Amino acid sequence: MNSYAWIILIFVLLDYALGAAAGVLNLKNIRDELPEEFADVWDKDRYAKSQQYLAATTRLGLVSSTVLLAVLLVFWFAGGFNFVDALARGLGFGPTLTGLAYFAFLAALSNMISTGFSLYSTFVIEERFGFNKTTLKTFILDRIKIAALACILGGPIIGGILYFLGHAGPNAWLYCWAGVTVFILFIQMVAPTWIMPLFNKFLPLENQELKQAVLDYTDSVDFPLENLFMMDGSKRSSKSNAFFAGFGKRRRIALFDTLIEKHTIPELVAVVAHEVGHYKKKHILTNMVISILHLGLMFYLLSLFISRQGLFDAFFMEQASVYAGLLFFGLLYAPVETILGLGLGMLSRKNEYEADLFSVTTTGDPQAMIDALKKLSRDNLSNLWPHPFYVFLAYSHPPVLERIRAIQQIEIH
Ligand SMILES: [Zn+2]
């Protein structure tokens, strides 16, 4: 084993160990008593159920990450990467198409495993806790649509990257960076109108009183909103949510039907105000800029490492290629990505506090936001006592109790 192999192996094992340790710490952090803040919305049964749900999802996470680790290690050290390469080359295409075939084979393999866990998660665990609304038909159609989108959108962009890396010389990374940036901006722009409707229905709000309350609010904060929708989240799950998507004139806010059903109008306005806060505080723009800069760094480092013979030796490859170099660089780069991810997680949690603050100060109604958060946590069986290490590794939002306590500190003028 050479030094590339050792770096990748050690990180893969470390990543697994940290994830497993965080999951176990999280389970041990459960407390018997329901936090007093939640007593008016939660009850004992619901609280017990949330702990059973946490135990079930943590167990599944441990099993799936163990299986994935074992499969990766066996595949790697049995020479699987080289074996699939021989299959792809056997098709007799040119280098770019051979690369796409290589990725397609590997994606199909990893999809088979992840689909198994996804089936179990949806139809056993989510079903047992009363969340699942997905029919087998929806589940299968979703998989087909995602695979088709991966071919239609992913194929050309990955093909383009492989082509540039193979033909454009030392500046290839710059072309790749520019190309992928344009692609991402394009997807962000068309996702709300072209992609999301493939999976869900977006209907205008029927409840006129709610619609008026939301529009009054968005006018009051100078956030003209032409697109306010109800999304049929209940097609897949009884869990509820809301989100903001797109930019410019195409921006839209979607409220899940499951959210509308269980919340009062002031609570829903508070949720919309939180989403508007993300926009007004430029969180969406900042995240976009960070991810584009990150892409530049990644492509630059890729250009330094992609043709190192040691990377191909680490995976027992008989022939070097641009596509395999791209894949192995991805594995070598994973630690950098993880560290950046931890930083982005911290930023995201800070932004959630800011969006809550924006919501509370612009609506002047902290209680509505607090009630909405309590109901959301109850209806989604959130873990009320996540371990700080788990939060640090995996949470994009602060724990709900901390959000509520932060809101209670806000002074309204
Ligand atoms: Zn948020």
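Predicted model: local features only at pLDDT ≥ 70, side-chain atom pairs only at ≥ 80, totals over all residues.
Reader: How many aromatic pairs does a search of the whole structure find?

Author: The search finds 28 aromatic pairs. Rings of Phe, Tyr and Trp (its six-membered ring) count as a pair if their centres lie within 6.5 Å; planes under 30 degrees apart are stacked, those over 60 are edge-to-face and the rest are tilted. Residues are numbered from 1 along each chain as its sequence is written, and side-chain values use heavy atoms, with hydrogens and water left out.

Reader: Is Tyr390 counted as buried, exposed or partly exposed, and why?

Author: Buried means under 20% relative accessible area and exposed over 50%, with partly exposed in between (1.4 Å probe, protein chains only). Tyr390 counts as partly exposed because its relative accessibility is 26%.

Reader: Which residues form one aromatic cluster?

Author: Phe75, Trp76, Phe77, Phe81, Phe312, Phe315, Phe316 and Phe328 belong to one such cluster. Two of these residues return in other parts of the model. Trp76 is in contact (heavy atoms within 4.5 Å) with Ala5, as is Ala314, when neighbours of Ala5 within four places in sequence are left aside. Ala5 itself lies in helix H1, residues 3-28. Helices (H or I, at least four residues) and strands (E, at least two) are DSSP runs numbered from the N terminus. With a relative accessible area of 1%, Ala5 is buried. Ala5 and Leu332 are 327 residues apart in sequence, yet their C-alpha atoms are 8.7 Å apart in space. Phe81 is one of the buried residues of helix H3 (residues 80-90), together with Gly80, Asn82, Val84, Asp85 and Ala88.

Reader: What covers the buried residues of H3?

Author: The cover includes helix H2 (44-77), helix H4 (95-128) and helix H12 (322-363). Just after H3, Gly92 takes a positive phi of about 80°.

Reader: Which residue lies over the face of Phe131?

Author: A charge sits over a ring if NZ of Lys or CZ of Arg is within 6 Å of the ring centre and within 35 degrees of the ring normal. Lys239 lies over the face of Phe131, 4.7 Å from the ring centre. Both Phe131 and Lys239 are also in contact with Asn380, as are Tyr53 and Ser240, leaving aside neighbours within four places in sequence. Asn380 is in the loop between helix H13 (366-379) and helix H14 (388-394), and at 16% relative accessibility Asn380 counts as buried. Elsewhere, the charged end of Arg251 sits over the ring of Tyr279, at 4.9 Å from its centre.

Reader: In which helix is the place of His274?

Author: His274 is in helix H9, residues 265-280, and counts as buried at 5% relative accessibility. The side chains of His274 and His278 are joined by a polar contact of 3.1 Å. Such a contact is a pair of N or O atoms within 3.5 Å; within protein, one must be able to donate a hydrogen and the other to accept it, and residues adjacent in sequence count only if both atoms are side-chain atoms. Beyond its neighbours within four places in sequence, His274 is in contact with residues including Glu352, Asp356 and Arg403.

Reader: In what order do the four strands of the open sheet stand?

Author: Strands of a sheet pair through backbone hydrogen bonds, either parallel or antiparallel. Two strands pair here if DSSP finds at least two bridges between them. The order is E1-E2-E4-E3, with mixed pairing. Strand E1 (202-204) and strand E3 (242-245) stand at the edges with a single partner strand each, so one side of each has no neighbour in the sheet.

Reader: Which way do E3 and strand E4 run, parallel or antiparallel?

Author: E3 and strand E4 (residues 252-256) run antiparallel and are joined by four bridges, whereas strand E2 (residues 228-231) runs parallel to E4, also with four bridges. Ala254 in E4 stands opposite Phe243 and opposite Phe229. Ala245 has Arg252 in E4 as its bridge partner. E3 and E4 form a hairpin with six residues between them, and Gly246 in the turn has a positive phi of about 75°.

Reader: Which residues point one way from E4, and which the other way?

Author: In a regular strand the side chains alternate between the two faces of the sheet. In E4, Arg252, Ala254 and Phe256 point one way, Ile253 and Leu255 the other. Five of the five residues of E4 are buried, so the strand is largely enclosed by the rest of the structure.
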